[in-house]
Amino acid sequence: MKNRKKYWKLGRSEVDTEYFDINKQGQLIVKEGNYQYNLLDLVEKFGTSLEVVFPFIVEQRARHLMETFLSEFRKQKYRGKFWYHYPMKVNQNKEFILPLITEGAMLETGSANELFLVKHLWTQNQFNPRIRVMCNGPKTEAYLNLISQLRANGLSIIPIIEGDDELDYVKKFSGDVGIRVNIVDVKVDSHWDKRIDQFGFTHDQLLGLGRIRNLKVLHYHVGSQTEGSSDLVALARSAMHTYIELKKINPGLDTLDLGGGFAIPYEKRPLYSVESMAKRLTRMLKKEADEAGIPHPNLIVEWGRHVVAPAQVTIFKVISEKNIPIKAGVKKWYTIDGSFMNDLLDTWAIHQKWHMVPVNHANAKRLQGVWLVGMSCDSDDKYTAGGEGISLPRLEDLPPGESLYFAVFDTGAYQDALESSHCLLSSPAKIIVQNGVVTLARKRETAEEVGKLFGW
Ligand SMILES: *Cc1c(COP(=O)(O)O)cnc(C)c1O
């Protein structure tokens, strides 16, 4: 049994599976403190395909991130403040955002519609007034109006300027503002491997802008899932050099916002820890600031994926199997009752790899390598783990009448907002488990509901 837990890489904090275990019957369980949930029970009650959200994981990860930086600041006598701003685009569902806010997270929005949700909470008096919101993304008129309106209503809100066309707005805006630097001197190894993106100003452009009214924050964000820890430090160092120059022209500048990028070990090989990153970033920023003779900047991180990805799993049932007729690394297709293209779109879009673990029969004696196929009629609707396949129990070994279920880990980041309706398949149902209570957050779509989306 111990070996099985090890085989499925469960119970290991360095790969974000510390909450998961398997019981004697080979069923996947999730531990919230001294309480535990049996995922097979949930599947039998709610059916598949099923998303299971664990707000307690979101809370623990956000708290850990903030506490780690604060303790590192103390240890290294770093005198700036630290804030975590949660980037809403990573997962805008209420069951993610409310727990984050209650843990003390600030927010970051990327569109007027995300800010509209902030307005909803603000006008209903559901925020501690000390909350602060950063606004990124193209500033449409609707977005700018909403920013001004919320500021007039007392919300602390900072628009981040990303292009020339937004500079005029800033001249009229009476509150603090930020500006985005486009870092072009660090090459990052990630899926979004590029020298330059469409957001912000380069170092030289920024210094050419002269004085910017009420400039408080220098921000950058370079891609997501940055797997090299040194890349994260190199980006921050480059931004810090810009910060030092920019502060000579704009003495009010006092905050550096590192954006997102902290990677998830999707393949369950350890990458780097919050502890090590907090230590390295703090040391570097302190050294740079001390050498330049300026106060230590306040620090913001917007690591979204890191905080929310492990807080959701998506469970599918294997509905049939089929032989692969040619010589390939594996011999079988398993068809699932869901769709990679619809429900886990990054599988298709960026060839995302996932960790998958059986929900039942995880202690089966024999496993086999399989490729997975979604239910849409699209030949791209599959998951082969780059060709290698994934290991799952053999269907012929299951007791008669039993089905095989498996969980895809780390599905809490980005997948929900990308969900689509190819072949008019229904999205997974969604449940929330917290404090021993299970709540249905989204019913499985009916044929009528999906049809309605298309005008029927
Ligand atoms: C997408 C985004 C993030 C989150 O990135 P992660 O890689 O998920 O940490 C943070 N800040 C901004 C401005 C973003 O656009």
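Start your tour at asparagine 125, which sits in the loop between helix 5 (112–123) and strand 7 (132–135). Keep in mind as you click around that this is a predicted model.

**Stop 1: two residues with positive phi**

With asparagine 125 selected, look at its backbone: phi is about 65°, a positive value, although the residue is not a glycine. What makes that worth a stop? Most residues other than glycine have a negative phi. Is asparagine 125 buried or exposed? Its relative accessible area is 69%, so it counts as exposed.

Now select histidine 361, in the loop between strand 15 (356–358) and strand 16 (367–373). Histidine 361 also has a positive phi, near 55°, and it is a residue other than glycine. Its relative accessibility is 16%, which means that histidine 361 counts as buried, because the cut-off for buried is under 20%.

**Stop 2: a cis peptide bond**

Next, pick threonine 48 and serine 49 together. The peptide bond that joins them is cis, with omega at about 0°. For context, most peptide bonds are trans. To find your bearings, serine 49 belongs to the loop between helix 2 (39–46) and strand 4 (50–53).

**Stop 3: a buried glutamate**

Go to glutamate 166, in the loop between strand 8 (156–161) and helix 7 (167–172). This one has a relative accessibility of 5%, so it counts as buried. Which residues does glutamate 166 touch, leaving aside neighbours within four places in sequence? Show Gly137, Pro138, Lys139, Ile160 and Ile161, and you have its contacts.

**Stop 4: aromatic rings**

Time to colour the aromatic residues. A search of the whole structure turns up 20 aromatic pairs. Tyrosine 19 and phenylalanine 56 are both buried.

For another pair, select phenylalanine 316 and phenylalanine 406. Here the ring centres are 6.1 Å apart and the planes are at 50°, so the pair is called tilted. Again distant parts of the chain are linked, with phenylalanine 316 in strand 13 (residues 312–323) and phenylalanine 406 in strand 19 (residues 405–408), 90 residues apart. Phenylalanine 316 and phenylalanine 406 are buried too.

Then bring up Phe69, Phe73, Tyr78, Phe82, Phe262, Tyr272 and Trp303 all at once. Ring pairs link these residues into a cluster.

**Stop 5: zoom out**

Finally, show the whole chain as a cartoon. How many helices and strands does it have? There are 15 helices and 21 strands. The C-alpha trace spans about 75 × 50 × 45 Å along its principal axes. A compact globule of 456 residues would have a radius of gyration near 23 Å, and the chain has 24 Å, which agrees.

Of the 456 residues, 57% count as buried. Among contacts between residues at least 6 apart in sequence, 72% join residues at least 24 apart. To end, colour by charge: there are 58 positive and 55 negative charges, and their mean positions are 5 Å apart.

Technical notes
Residues numbered from 1 in each chain as written. Predicted model: local features only at pLDDT ≥ 70, side-chain atom pairs only at ≥ 80, totals over all residues. Heavy atoms only, no water. Helix = DSSP H or I, 4+ residues; strand = E, 2+ residues; numbered from the N terminus. Rg over C-alpha atoms; globule rule 2.2 N^0.38 Å. Buried < 20%, exposed > 50% of the residue type's maximum accessible area, 1.4 Å probe, protein only. Contact = heavy atoms within 4.5 Å. Lys, Arg positive; Asp, Glu negative; His and termini not counted. Charge placed at Lys NZ, Arg CZ, Asp CG, Glu CD. Phe/Tyr/Trp six-rings, centres within 6.5 Å; stacked < 30°, edge-to-face > 60°.
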